[in-house]
Amino acid sequence: MKGSSSQDVIGKTVEPSRKRKRHYRHDNLAGYAFLSPWLIGFVLFVFLPIAASFFLAFTKYDILRAPRWVGLANFEKMFTRDLRYWRSVKVTFFYVFTAIPLRLVFALICAMLLNTKRRMVSVYRALYYAPSVVGTSVAVAVMWREVFGKEGLVNYILAGFGIAGPIWLGDPNTAIWTLIVLAAWQFGSPMLIFLAGLKQIPPELYESASIDGADRWRKFLHVTLPMLTSVILFNMVMQMISGFLIFAQAFIVSNGTGAPMDSLLVYALYLYRQAFVTFKMGYSSAMAWVLLLVIAFFTAIVFKSSQYWVFYESEGGE
Amino acid sequence: MMKATEITQAGIAEKEKKKAQKKQLFRAILYHGSVGLLGFIMIYPILWLFAASLKGPEEIWVNMASLIPKKIVIANYVNGWKGFGNITFTTFYKNSFIFAGIGTLLHVSSSALVAFAFARIKFVGQKFWFGVMLLTLMLPQQVLLIPQYIMFSKLGWVNTFAPLLVPRLFGHPFFIFLMVQFIRGIPKELDDAAEIDGCSRAGLFFRIILPLIQPAIITAGIFSFYWTWGDFMTPLIYLNNPKLYTISLALRTYADPAAATDWGAIFAMSALSLVPVFIIFIMCQKYIIEGISTSGLKG
């Protein structure tokens with residue numbers, strides 16, 4: 001801040017008129033006046049709730065009676081006695097570490113397919129992005145439930161190949177795959193971000209790689225991937241966070257219960273049920289804090305690891 | 001002799017050229033064939049939903065994979081629109097448009113004000129607050145959900161639109177970030193010129209900056225509309241009265257597998273709920289793609 005303001009002063013030394021000088025001084029009144037919409041909202045709807053949530057995590061609270069301090073009892077129950085909690089953790093991890101890599105791989109492949117100057121590319125881009133536009137809508141989740149129904153579209157098509165499809169949503173082993181396929185289908189946003197990243201790679205790099213006799217695969221490994229690492233990092237972090245928070249799709253597909261046999265009971269759904277079905281506000285606040293810490297932990301790991309695999313241009317070449 | 005070789009050479013060159021052209025054509029066919037096929041597979045489920053919404057009950061589960069109904073049944077839409085519990089979809093659409101319309105307006109206008117503060121005014125604590133704002137982007141809603149619910153229920157706001165709209169009065173960090181980036185790209189000389197002409201801070205914002213950041217405002221508006229239109233969790237928690245249901249809640253109730261019978265009508269209402277989204281997508285594709293590519297907004 002200081003640096004930038006002194007720079008402004010240096011830039012304006014040519015005409016040190018009074019008015020101009022005033023313009024580049026700090027203007028706290030105007031600054032906070034324009035900032036106030038966000039600042040008030042931050043205090044009321046973010047800061048105070050976070051503080052309250054932290055407090056509630058150590059209490060028993062059902063809204064009707066005052067919160068009762070129980071110390072670490074919520075966490076103790078969560079980690080040692082609540083089997084459903086662990087099932088929801090397992091489901092969520094399985095989802096995140098299956099669906100998100102699939103989504104990112106599809107996104108990258110399609111971005112590379114679309115990174116050309118051929119005709120019709122904008123049409124294809126719109127087609128690939130269309131499923132993401134409808135994203136988390138209930139309509140799509142309702143449709144998905146029927147598409148994967150016992151006599152739904154997927155099994156109908158499988159039957160055409162002579163395969164007897166399972167009862168996807170009746171079998172705890174297959175139910176989660178409906179959500180994974182749904183996530184993999186909606187790769188539009190990371191695809192567009194990859195595409196923007198691909199367009200920034202200077203063509204000279206590919207030319208010199210060609211001169212060195214590199215084939216397509218080598219160009220991909222030694223030019224495309226290293227040049228894309230910072231975009232990969234961004235997509236990975238954003239998608240991972242959104243993966244941990246999956247809710248609406250699991251809610252609709254399992255009709256709000258997480259059935260069959262808790263195989264769709266993702267973390268956010270279990271948290272919702274604890275808070276708004278059984279009104280265990282203290283316990284669900286504790287769950288929310290564990291979720292926050294888990295997300296922070298995995299984000300930190302990804303960022304920490306990035307120093308070994310993200311390639312920054314300013315560091316010189318590879 | 002010379003001539004003959006020349007001719008043959010020319011012939012070979014011609015042949016080579018034709019061969020190359022053929023190869024190029026082959027590659028173009030291969031590209032458009034495979035990429036186009038993949039594109040078709042991508043939108044097939046959506047097309048299927050729209051097709052199913054027009055099929056009669058005898059066709060829906062029989063002639064399943066087809067995208068062209070043998071007989072177009074508009075009755076699905078008529079029956080679906082009747083809704084449930086004596087509440088028609090007119091009510092649900094009205095609610096959704098109020099929520100998404102006002103919500104978007106609030107989101108975008110407050111975000112623009114805040115973005116102006118971050119991008120063009122210098123004040124104590126600016127960097128700190130900007131950092132805090134970016135951090136809140138990473139914060140899972142679940143942490144805030146319960147205290148917010150307690151707060152709104154103590155205020156007696158459950159079963160009103162207030163919990164849905166009031167938080168939107170205070171902007172969204174993604175949109176603020178998007179607009180800050182955009183304002184930073186506007187030359188500062190414009191500010192100086194406006195000030196010499198006697199323009200106040202507010203005047204500078206409304207007359208100079210606001211018209212110039214229109215593309216960013218449109219992008220933010222589109223995404224805000226999408227998120228609000230599709231939002232499921234907030235209405236689910238705060239609205240229990242079916243008269244206040246938004247489309248997403250109404251669809252969920254309407255398509256309850258325990259009670260559902262008229263699948264044609266359910267598909268019709270599902271398909272219809274996607275229409276506003278697709279209209280905006282088709283009209284404003286440029287803004288959406290730019291918004292995602294430049295700032296990483298999630299769709």
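This report describes the domains, the chain contacts and the nonpolar core of a predicted model.

## Domains of the two chains

In chain A, the domain assignment places domain 1 at residues 2–56 and domain 2 at residues 74–315. Taken over C-alpha atoms, the centres of domain 1 and domain 2 of chain A are separated by 37 Å.

For chain B, the assignment gives domain 1 as residues 2–52 and domain 2 as residues 78–295. Here the C-alpha centres of domain 1 and domain 2 of chain B are separated by 45 Å.

## Contact between chain A and chain B

The interface involves 75 residues of chain A, which are in contact with 69 residues of chain B. On the side of chain A that touches chain B, helix α3 of chain A (residues 28–56) supplies the largest share, with 18 residues. By residue class, this side of chain A consists of 55 nonpolar, 17 polar and three charged residues.

## The largest nonpolar core

The largest nonpolar core contains 167 residues. Its largest share, 15 residues, is contributed by helix α5 of chain A (residues 83–114). The members that touch the most other members of the core are A:V266, B:A115, B:F116, B:I176 and B:M179.

## Surroundings of B:F116

When residues up to four places away in sequence are not counted, B:F116 touches A:F34 of chain A, together with B:I183, B:F205 and B:I209 of chain B.

Key. Residues numbered from 1 in each chain as written. Chains lettered and ligands numbered in written order. Predicted model: local features only at pLDDT ≥ 70, side-chain atom pairs only at ≥ 80, totals over all residues. Domains from an automatic or database assignment. Contact = placed C-beta atoms within 7 Å. Helix = DSSP H or I, 4+ residues; strand = E, 2+ residues; numbered from the N terminus. Nonpolar A, V, L, I, M, F, W, Y, C, P; charged D, E, K, R; others polar. Core = buried A, V, L, I, M, F, W, Y, C linked by C-beta atoms within 7 Å. Buried ≥ 20, exposed ≤ 12 C-beta atoms within 10 Å, placed from the backbone.
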